[in-house]
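Here is a short report for a reader new to this structure. Keep the sequence and the 3D view at hand while reading.

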Amino acid sequence: MARVALVTGGSRGIGAEISKALKTAGYKVAANYAGNDEAAKAFSDETGIPAYKWSVADYDACAEGVARVEADLGPVDVLVNNAGITRDAPFHKMTREQWNAVIDTNLTGIFNMTHPIWPGMRERKFGRVVNISSINGQKGQFGQANYAASKAGDLGLTKTLAQEGARAGITVNAVCPGYIATDMVMAVPEKVREAIIGQIPVGRLGEPAEIARCVVFLASDDAGFITGATLSANGGQYLA
Ligand code: CAA
């Protein structure tokens, strides 16, 4: 029977490529999204992958959303915590709202999504959790105190859940994308973006599909001995 995969932030950017790649690999896929109805509809029309709307920052909404997905597709075997936002500002200008929004989505969002799915994975003695962190959680980034802290937190959470899930057949890993050609990176001022590309040894932004292939591997049976790992895919920009 096909395994069920749930991808948060799964209808745009890196998440959309992850959803599509998992479908191609034979999974029954559900894509969660928070805000952009138009993009989600276009994504579902194009791919045939159902999109479900809720905010990963809202614990109760996550529990309800997971229940809906499981009623429609079956128990979630693979959870990809991809949803993430930026609210960039130098620290001296960063507001509490900017701080909280990013921590609530990028870090607490992984707690909110994994918590309702984890007991079922433990009972069934199988699970794959893949958390999309970031190069900037590894190295820090000017203008991203909130984002870098959230993404570094994701790595600590990943390593802890890997230890706790091991005895129940659950692997938990992180992928750290570098700068990938998505709306999020295109929103960075052009001059800043050009400077960043200059720091990437392969001399280009990454493609969303290059991250999706990492996720498909970590979700597969071939990756059963890999847990608590951080897979960096960043064109050599930061070696960790
Ligand atoms: N290093 C050192 N100094 C920097 C700097 C950097 N990376 N970036 C900006 N500065 C300097 C500016 O040159 C400026 O100096 P002066 O005052 O001497 O001119 C000073 O900091 C303040 O800059 P701004 O006036 O431009 O500040 P701002 O309030 O407009 O905000 C910023 C600046 C929002 C941080 C902007 O520089 C920016 O967007 N930077 C990009 C941040 C970034 O990389 N975000 C990643 C988004 S993609 C993503 O997050 C995905 C992922 O996982 C990789």
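Is N136 buried or exposed? N136 is buried, with a relative accessible area of 3%. Buried means under 20% relative accessible area, exposed means over 50%, and partly exposed lies in between, using a 1.4 Å probe and protein chains only.

## Basis of the report

The model is predicted: local features need pLDDT of at least 70, side-chain atom pairs count only at pLDDT 80 or more, and totals for chains, interfaces and linings use all residues. Residues are numbered from 1 along each chain as its sequence is written, and side-chain values use heavy atoms, with hydrogens and water left out.

Helices (H or I, at least four residues) and strands (E, at least two) are DSSP runs, numbered from the N terminus.

N136 belongs to helix α5, residues 135-139. Its C-alpha atom is 8.0 Å from that of A152. Along the chain, N136 and A152 are 16 residues apart.

I197 is part of helix α8. I197 is buried too, because its relative accessible area is 18%. Between the C-alpha atoms of I197 and Q237 there are 9.1 Å. These two residues are 40 apart along the chain.

Start with strand β1, residues 4-7. V4 and L6 point one way, while A5 and V7 point the other way. All of them are buried. In a regular strand, side chains alternate between the two faces of the sheet.

Strands pair if DSSP finds at least two bridges between them. β1 is joined to strand β2 (residues 28-33) by 4 bridges, and the two run parallel. L6 has A30 in β2 as its bridge partner. The chain goes from β1 through helix α1 (residues 13-24) to β2, and this β-α-β crossover is right-handed. Right-handed means that, with the strands pointing away from the viewer, the path from the first strand over the helix to the second runs clockwise.

β1 also runs parallel to strand β4 (residues 78-81), with 3 bridges joining them. Here A5 stands opposite V78.

## Strand β2 and the next crossover

How many residues of β2 are buried? The count is 5 of the 6, so β2 is largely enclosed by the rest of the structure. V7 stands opposite A31 in this strand.

β2 also joins strand β3 (residues 51-53) through 3 bridges, and these strands run parallel. Y33 has K53 in β3 as its bridge partner. From β2 the chain crosses through helix α2 (residues 37-47) to β3. This β-α-β crossover is right-handed.

## Around the ligand

Which residues are closest to the ligand? They are D88, K93, S134, Y147 and Y179, out of 19 residues that surround it. A residue counts as near a molecule if one of its heavy atoms lies within 4 Å of it. The shell divides into 10 nonpolar, 7 polar and 2 charged residues. In this scheme Ala, Val, Leu, Ile, Met, Phe, Trp, Tyr, Cys and Pro are nonpolar, Asp, Glu, Lys and Arg are charged, and the others, Gly among them, are polar. Helices α7 (183-186) and α8 (190-198) each supply at least two residues of the shell.

A polar contact is a pair of N or O atoms within 3.5 Å. In the side chain of D88, an N or O atom is 2.8 Å from a nitrogen atom of the ligand. A polar side-chain atom of Y147 is 2.6 Å from an oxygen atom of the ligand. For the side chain of Y179, an N or O atom lies 2.9 Å from a ligand oxygen atom. Taken alone, the ligand exposes 1,100 Å², and the protein buries 57% of that. Accessible areas come from the Shrake-Rupley method with a 1.4 Å probe.

K125 sits in the loop between α4 (96-124) and β5 (127-132). K125 has a positive phi of about 60 degrees, although it is not a glycine. Most residues other than glycine have a negative phi. K125 counts as exposed because its relative accessibility is 54%.

F91 is in the loop between β4 and α4. F91 counts as exposed, at 63% relative accessibility. The C-alpha atoms of F91 and G143 are separated by 6.6 Å. Along the chain, F91 and G143 are 52 residues apart.

Methods: Polar contact = N/O pair within 3.5 Å; in protein donor to acceptor, adjacent residues only side chain to side chain.
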